[in-house]
Amino acid sequence: MSAPGTSEVGVRLAGHFATVEQQRRAAVLGMWAWLLTELLLFAGLFLTVLVLRLLHPEAVQEAARHLKFWIGATNTVVLIASSLTMSGAIQLSRLGWQRGMVRCMLATAALGTLFLALKGYEYHADYEEHLMPFLGDRPYALDRLPASRLFINLYYAATGLHALHLFTGIAILLVLTRQASRPGFLAAHQNRIEIYGLYWHFIDLIWIMAFPVLYVLNR
Amino acid sequence: MFGLGQDDRRLLWQRMRAPVLASAALLGLLGVNVLLGATRPFAGVWLVEIAVATAMVLVVLLVSMEVRHEPPLVRLFAGIGFFWVAILFAMTLVDYLTRAA
């Protein structure tokens, strides 16, 4: 007996490709080209954090001790779990188990939303502790350490940019889930799930680098 | 489980085995870094933390993003991207780490 909600699996050939295999490979390569530009963007931010740590060790360590280490660690667990559900969606899409795939995609979006909620709580706690040096009308808690402003500002730039990517990812995932729940989707567009999965795993990968660089190494 | 027959469950586990093991490995490695970050057991602990983070990145790349199953062109492409980042980090940090105090 096959699983409930099983569909035919395939990719509809676009006119400008010779074969479906060529179309699949071109899509994967194109996604990787974009992901690598994103990697260079985040790498520049992370490298600047490390240079700051070398130039101003005391200020950066003091600022890093004020970051919410345990929320950062919990959020890493949340994203690892979301990567597992995304892998589940990809595997089920290959099997044509549409209903299970849609559930996995919704679970992935829910975990991404949980990450953003925790991040929002963390930002709120930082605001309450006067750890937002870019707000001109509020005193800054580490005013005695001017270099800490650079680190804290970079922390917001890196995590804010990551959160923006995650927010965009959740929005695209929800649209894709809606499309993927329609009959016949997997027969024509199965590889969209795989291509999107690359993006989601990449968001996870960036956070896996951000957590040690921002929260762990500088303590 | 979820209305699946025995064959389907076996097939599902066969497909999900690698992602589940990868997640378990990532959680284990994260646990190591969290423990090291919380306790700071020795002076050069940052080297271990970077090694653990690198291992986590490799697990995501090779297993979750399935680079190991991709054709050689994609593997080369992904590898070169991270290689460029490694050059960026190495050349910049060599400069700062070797400057006189």
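**Close-up views of chains A and B**

**Figure 1. The interface between chain A and chain B.** In this predicted model, 39 residues of chain B are in contact with 38 residues of chain A. On the side of chain B that touches chain A, the elements giving two or more residues are α1 (6-39), α2 (45-64) and α3 (72-97) of chain B. The greatest contribution to that side comes from α1(B), with 13 residues. By class, the side of chain B that touches chain A comprises 26 nonpolar, eight polar and five charged residues.

**Figure 2. The fold of chain A.** Chain A contains six helices and zero strands, and from the N terminus its elements follow the order α-α-α-α-α-α. Along the principal axes, the C-alpha atoms of chain A occupy a box of roughly 65 × 35 × 30 Å. Of the 219 residues in chain A, 42% are buried. Among the contacts of chain A with a separation of 6 or more, 79% are between residues 24 or more positions apart.

**Figure 3. The largest nonpolar core.** This core has 74 residues, of which Met101(A) and Leu214(A) touch the most other members. Two or more residues are given to this core by each of α1 (20-55), α2 (57-65), α3 (69-95), α4 (98-128), α5 (146-180) and α6 (185-216) of chain A, and likewise by α1 and α2 of chain B. The largest share, 20 residues, is that of α6(A). With neighbours within four places in sequence left aside, the contacts of Met101(A) are Ala89(A), Leu92(A), Ser93(A), Ala180(A) and Ile193(A).

Figure 4. Trp97(A) lies in the loop between α3 and α4 of chain A. Trp97(A) counts as buried because 29 other C-beta atoms lie within 10 Å, the cut-off being 20 or more. Ser7(A) is 90 residues away from Trp97(A) in sequence, yet the C-alpha to C-alpha distance between the two is 6.2 Å.

**Figure 5. The packing of α4(A) with α5(A).** The axes of α4(A) and α5(A) are 10 Å apart, and the helices pack at an angle of about 155°. Angles over 145 degrees count as roughly antiparallel, and α4(A) and α5(A) are therefore roughly antiparallel to each other. The crossing in which α4(A) passes α5(A) is left-handed. From α4(A), the residues making the contact include Met101(A), Met105(A), Ala109(A), Gly112(A), Phe115(A) and Lys119(A). Those from α5(A) include Thr159(A), Ala163(A), Phe167(A), Ile170(A), Leu174(A) and Ala180(A). The contact of α4(A) with α5(A) is formed by 14 nonpolar, six polar and one charged residues. Met101(A) and Ala180(A), both named here, are also in contact with each other.

**Figure 6. The packing of α1(B) with α2(B).** Within chain B, α1(B) and α2(B) pack at an angle of about 165°, and their axes are 10 Å apart. This angle makes α1(B) roughly antiparallel to α2(B). The passage of α1(B) across α2(B) is a left-handed crossing. Residues of α1(B) in the contact include Ala18(B), Pro19(B), Ala22(B), Leu26(B), Leu29(B), Asn33(B) and Gly37(B). Among their counterparts in α2(B) are Val45(B), Glu49(B), Val52(B), Met56(B), Val59(B) and Ser64(B). The contact of α1(B) with α2(B) consists of 17 nonpolar, three polar and one charged residues.

How values were computed: Residues numbered from 1 in each chain as written. Chains lettered and ligands numbered in written order. Predicted model: local features only at pLDDT ≥ 70, side-chain atom pairs only at ≥ 80, totals over all residues. Helix = DSSP H or I, 4+ residues; strand = E, 2+ residues; numbered from the N terminus. Buried ≥ 20, exposed ≤ 12 C-beta atoms within 10 Å, placed from the backbone. Contact = placed C-beta atoms within 7 Å. Nonpolar A, V, L, I, M, F, W, Y, C, P; charged D, E, K, R; others polar. Core = buried A, V, L, I, M, F, W, Y, C linked by C-beta atoms within 7 Å. Axes fitted to C-alpha atoms, helices over the stretch in contact; angles between N-to-C directions. Parallel < 35°, antiparallel > 145°, perpendicular 65-115°, else oblique. Left-handed = near helix turned anticlockwise from the far one by under 90°.
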